[in-house]
Amino acid sequence: MLSDFEAAELLSFLTPEARPDVKGHTTSYILGLSGNRDGCRFLRTKPDIITALFALTSDPSIAIAKDCYFTLINLSADETLHQVLLTDIKVLQVMMKKVLDPEFVFSDQICSILSNLTRHLKTCKIMFKVLQEDVGVAKLVEIFCAESFNKKAKFHHLGPLLSNLTQLPEARSFMMDKDRCVIQRLFSYTQYQASVVRRGGVVGTLRNCCFDHAHHEWLLSDDVDILPFLMLPLAGPEELTEKENDGLPVDLQYLPEDKKREEDPDIRKMLLETLLLLTATKAGRDIFEKKSVYPIMREFHKWETDVHVTAACEKLVEVLIGDEPEPGMENLLEVDIPEEVEEKLTKADAREQEELEKEQERMKQEEEEEKKKRSDTEGSEKEQEAGLIR
Amino acid sequence: MAAPQDDSDDGMDEFMEKFKTTTYKNAFSKDNWEEEFDKIPMFMKKAPEEIDSQSYPELACLQAMIHDEDAPPEEQAANLKDEGNEFFKEKNYKKAILSYTAGLNKKCGDQNINTVLLTNRAAAHFHLGNMRSALKDAAAAKKIKPDHLKALIRGAQSCIELRSFAEGVQWCDEGLKVHPTDKKLQELRATADKHKRAAERDTRKAKIREKKLHGEKEALLAAITDRGIKLFQTSKPRHRESDGEEESSSAALSQLSLDCLSSQEATGARVFLDEQHILHWPVLFLYPEHQQTDFISAFCENDCFVNHLALMFGEELPPWDADRKYHPQNLQLYFEDEVKDTLYQVKPETLLLKVLQHKRFFVKAGSPSFIVVVKGSPFWEQFSTGKKIRGL
């Protein structure tokens, strides 16, 4: 890596007064450095450079500012840099507020940085406090849900940001505040075609919120009605009988024949996990029963090919069609699991994982053999053809 | 009042003395004091419809003060607002609107007053059921003061009444930005959202139903075409007939809508395809001798005429058959080819389908029709004169 002397030289080129071309080359070089782990770790030891980068985000040259933002995005993606990035909170505070400016051109980059910085619990706590005080999570949700708040920015990365924030109980409380209308605004984005980042972030947020089973009844109530929005991405174009349709929640009825399911398997898995969480309480299970969503899961199970997602689906279906647990065990999240049982369950889980992975491997192998066979036959056919022509 | 400097009550005593001797003027009349009572502004229970200075001088005076053209516009507007509010309280919404409108026409510079005038007028319109006007006024109020809660609520309510649910949700969201904890806005948002999603479901359902019906129609037409049955187009054809021939099956059928299959019968019966893919036709039997008809609503294509004739004439002969001639074994069936002026005889054992497939048979108005006559009758001799007779 660079010597201390070289680093000091770089620093001198990163002042606002430095010659623009020199500045530009330097920021470009540093962006390159930040692209790999060693470079990041090196920059971690040079807090002065990082401070200079923050300052240069306001440089009049768009290219230089852009380099700085992208460098910071790279740096924030590395957890080991979070400490040093947060040393001067005030700088972050200034940056955060820029998001509120509907004309600001680097809002998306700021959102990425904020999203990265909230990934891990410790820094998340600090970030949440700062965000609430300076910007307000309510305002962030508002911007996230506004169609055209800023012509130059899409704010998709606010999705994962909110998802990260909801690791914290205080963030979840805020999102599910009964006196406000916050989490409801996110629901329609579970089907947002244009951005998998936004979709994934929203589903992640909803999943985290569903860990608070005290809120389940409210979430599933008619006023809030989270259920259809979790099921819609899993519902497909298959035609259901009129009886089945009429038993479903309104949003799931009579879906058109061009209805597409969620294409990202990780998001599908998250949706199923969220639904499973909601079946933890008796009240939740009762509501599920009333809403007859089984036909949707039945068709989904027929369609799903990913083994992990299928496993999650089967877990959910088991609860949906299974019997009620005995008294004392109604809230599955609160049941005390005796140690030996817990051990056994963990081992069983591990075995299941292994089996799933073996299954996946097997399927992959089969696919490859198929491909080979096909290309083999193609090869021999070609030979035959050539033979005929000859 | 002359206040005597001394402590005596002399003036007072004198005044009191007067009461004993003189009657006071302008007293209520004994007989209709209630009427007169109601005319005094302070004691009126209800404002009169018309205020003219002859019958209601005091009221007219007060009115003049309210509508005082000399007062500054803000004051006039405020007075008109109060007037409107009074009418509103009495549920006299039309008059309230007039007052509010007059207040707005003062174009006073006080935006608070104008916002309230618009919002209140919106409310009056709302109660009269004029949802569009209510929405318009609420929007105008919102433009002046974007955080005016009553205007926001009224706008959302109007959207919901107009079934413009997505717009209603938007109004609520705008409102919740400034008043995030307002219960009414949250409630309206939930309502609007629920209706919006129900309306979307209804659209989807209707679409699917339409598609299904369309599919059924197509299957029906296809079944008819596949059997080589020709439908006669009674309405003007959309394309010119080629070579003066009647419509050729394929070209015409592709143009035909199912309108051609609607029977003119009052029963509205129509040909249908059952689950086993068998066609059932509404069929007309014509008895030209007696100007009578019989209508069979669902004649299965695989059925023969004998069965139907037996049913209709087997047990009892119809009342119009005065001569008692129409026994099933005496009857002959024909269909007419009007263009070629030919009668084709149909043997009663024939299946309906076979007849329909005859190259000169055209189904008119969705209902195949057949002429029924008595074999060898004088009527038949007369009827068949000049016509060509053919077998199938």
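Buried, in these legends, means under 20% relative accessible area, exposed means over 50%, and partly exposed is in between (1.4 Å probe, protein chains only). This is a predicted model, where local features need pLDDT of at least 70, side-chain atom pairs count only at pLDDT 80 or more, and totals for chains, interfaces and linings use all residues. Residues are numbered from 1 along each chain as its sequence is written, chains are lettered from A and ligands numbered from 1 in the order in which they are written, and side-chain values use heavy atoms, with hydrogens and water left out.

View 1. Let us start with Cys68(A), which is buried at a relative accessible area of 0%. Which cysteine sulfur is closest to that of Cys68(A)? It belongs to Cys40(A), and at 15 Å it is too far for a bond. Cys181(A) also counts as buried, with 9% relative accessibility. The closest cysteine sulfur to that of Cys181(A) sits across in Cys172(B), 8.9 Å away, again too far for a bond. A disulfide is a covalent bond between the sulfur atoms of two cysteines.

**View 2. Where chain B meets chain A.** Counting heavy atoms within 4.5 Å as a contact, 17 residues of chain B touch 21 residues of chain A. The size of an interface is often given as the accessible area lost when the parts come together. Here that buried area (accessible area, 1.4 Å probe, that two parts lose on being put together, summed over both) is about 1,700 Å², with 47% of it on carbon and sulfur atoms. Which three residues supply more than any other three of the area that chain B buries against chain A? They are Arg197(B), Arg201(B) and Arg204(B), which supply 33% of it.

**View 3. The chain B side of the interface.** Twelve residue pairs (both at pLDDT 80 or more) are in polar contact between chain B and chain A. A polar contact is a pair of N or O atoms within 3.5 Å; within protein, one must be able to donate a hydrogen and the other to accept it, and residues adjacent in sequence count only if both atoms are side-chain atoms. Helices α9 (165-178) and α10 (183-226) of chain B each give at least two residues to the side of chain B that touches chain A. The largest share, twelve residues, comes from α10(B). Helices here are DSSP runs (H or I, at least four residues), as are strands (E, at least two), numbered from the N terminus. By residue type, this side of chain B has five nonpolar, two polar and ten charged residues, where Ala, Val, Leu, Ile, Met, Phe, Trp, Tyr, Cys and Pro count as nonpolar, Asp, Glu, Lys and Arg as charged, and the others, Gly among them, as polar.

**View 4. Salt bridges between the chains.** A salt bridge is a side-chain nitrogen of Lys or Arg within 4 Å of a carboxyl oxygen of Asp or Glu, and the rule finds seven of them across the interface of chain B and chain A. One joins the side chains of Asp251(A) and Arg197(B), at 2.8 Å from N to O. Both belong to a salt-bridge network that links Asp222(A), Asp225(A), Asp251(A), Lys291(A), Asp193(B) and Arg197(B). Lys211(B) and Glu257(A) form another salt bridge, with their closest N and O atoms 3.2 Å apart. That pair crosses between chains, from helix α10 of chain B to the loop between α16 (242-247) and α17 (265-278) of chain A.

**View 5. Salt bridges within a chain.** Over all chains, the count comes to 42 salt bridges. In chain A, Arg172(A) pairs with Asp212(A), the closest N and O atoms lying 3.0 Å apart. Arg172(A) is in helix α12 (residues 169-175) and Asp212(A) in the loop between α13 (196-209) and α14 (216-220) of chain A, so the pair ties together parts 40 residues apart in sequence. Both Arg172(A) and Asp212(A) are buried. In chain B, Lys142(B) bridges to Glu174(B) at 2.8 Å between the closest N and O atoms.

**View 6. Two positive phi angles.** Arg324(B) is not a glycine, yet its phi is positive, about 55°. Arg324(B) sits in the loop between α12 (305-313) and β5 (331-337) of chain B and is partly exposed at 42%. Asp341(B), also not a glycine, has a positive phi of about 50°.

Methods:
A disulfide is a pair of cysteine sulfur atoms within 2.5 Å.
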